[in-house]
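Subject: Structure handover, with notes on its pockets

Dear colleague,

I am passing on the structure below, together with some notes on the open spaces found in it. Please read the notes with the coordinates open beside them.

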Amino acid sequence: MRIHILGAGAGGGFPQWNCNCRNCDGLRKGTIRATARTQSSIVASGDDENWVLFNASPDVLQQLQNFPALQPARALRDTAIRAIVLIDAQIDHTTGLYMLREHREPHELWCTSLVREDLTAGNPILNVLGHYCGLNWHDVPLAERFAMNGVPGLAFEALPLTSNAPPYSPHRDHPQPGDNIGVTLVDAKSGKRLFYAPGLGMMEDHVWAAMQAADCVLVDGTLWTDDEMIALGASKKTSRDMGHLPQSGPDGMIEWLDKLPATTRKVLIHINNTNPILDEDSPQRAELARHGIEVSYDGMEIIL
């Protein structure tokens, strides 16, 4: 199983277009050692030929161009993407669908019924795409293994996460099972497992069990502290209010990742532009290294 990180940043990417926090300003001016990141998305394959796209970020065209394996050039119009999975209905995970409208046949789209509802009512992107390539919708089953046609060598297991729905959802601040999901990718031959959850607001028993069973966890790295955005004056909401478990502090991501088996590879994704771990010389980045936690970047690969 091969996982390629198309984008490792949170919504807005890094640097964010209108942000002059220490990280964004420092990257532009070259005063910190850091790497730009596009918005969160990955692709996965079991045979290096057929790929599943997880989330279609606003940066999807740049991301596809940066990974030639997704354009095998077998015909005038071609792609190696056989299916698209949406883990939620957030703008930074769905807007890229507009950029994929030139497809010559309907996309095979996997998401929960609640996400489909948000994307046909509050933000009707799926309705709009019906006037272009169209979509074949598949309801993601929760708590049972499933496969996707055209994607050999991989199996999938999805589970509900407690995070938050987008502002245009009727479930905003009142999350329902299926608003957000985590997905375990399973290599059919080796049995190796990767757990993927870029938006994780609470550690629940079923989520923790999936993480413990995984050989690699690729999980929420949005903010360092719970009050990070409040302290900067960028928001009135805590990290947990926004549906993201902070890395530091009691019951934070570091504390949980420390409890995983020593053999588990631990990688953070969906990193907000304000997070000090983006500064590679920061004490926060050094602390992650001491805990054996990696920070993902655009172009990173995970082979299991």
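A pocket here is an open set of points on a 1 Å grid over the protein atoms alone, with protein on both sides within 12 Å along at least five of seven lines. Please keep in mind throughout that this is a predicted model.

The largest pocket has a volume of about 840 Å³, and 30 residues line it, with Asp78, Thr79, Ile81, His103 and His107 lying nearest its centre. Two or more lining residues come from each of helix H2 (60–65), strand S4 (81–85), strand S5 (107–111) and strand S6 (135–139), and among the contributors S4 gives the most, namely four residues. Sorted by class, the lining of the largest pocket comprises 13 nonpolar, nine polar and eight charged residues.

The second largest pocket, for its part, has a volume of about 710 Å³, and its lining is made up of 33 residues, of which Gly11, Asp92, Met242, His244 and His270 lie nearest the centre. Helix H3 (91–94) and helix H7 (228–232) each supply at least two residues of this lining, while the largest share, three residues, comes from H3. As for the classes in the lining of the second largest pocket, 12 residues are nonpolar, 18 are polar and three are charged.

With best regards

Notes
Residues are numbered from 1 along each chain as its sequence is written. This is a predicted model: local features need pLDDT of at least 70, side-chain atom pairs count only at pLDDT 80 or more; totals for chains, interfaces and linings use all residues. Side-chain values use heavy atoms; hydrogens and water are left out. On a 1 Å grid over the protein atoms alone, a cavity is a set of points where a 1.4 Å probe fits but cannot get out, and a pocket is an open set with protein on both sides within 12 Å along at least five of seven lines; lining residues have an atom within 4 Å of a point. Grid points are joined across faces, edges and corners, and a volume is the space filled by probe spheres set on the points. Ala, Val, Leu, Ile, Met, Phe, Trp, Tyr, Cys and Pro count as nonpolar, Asp, Glu, Lys and Arg as charged, and the others, Gly among them, as polar.
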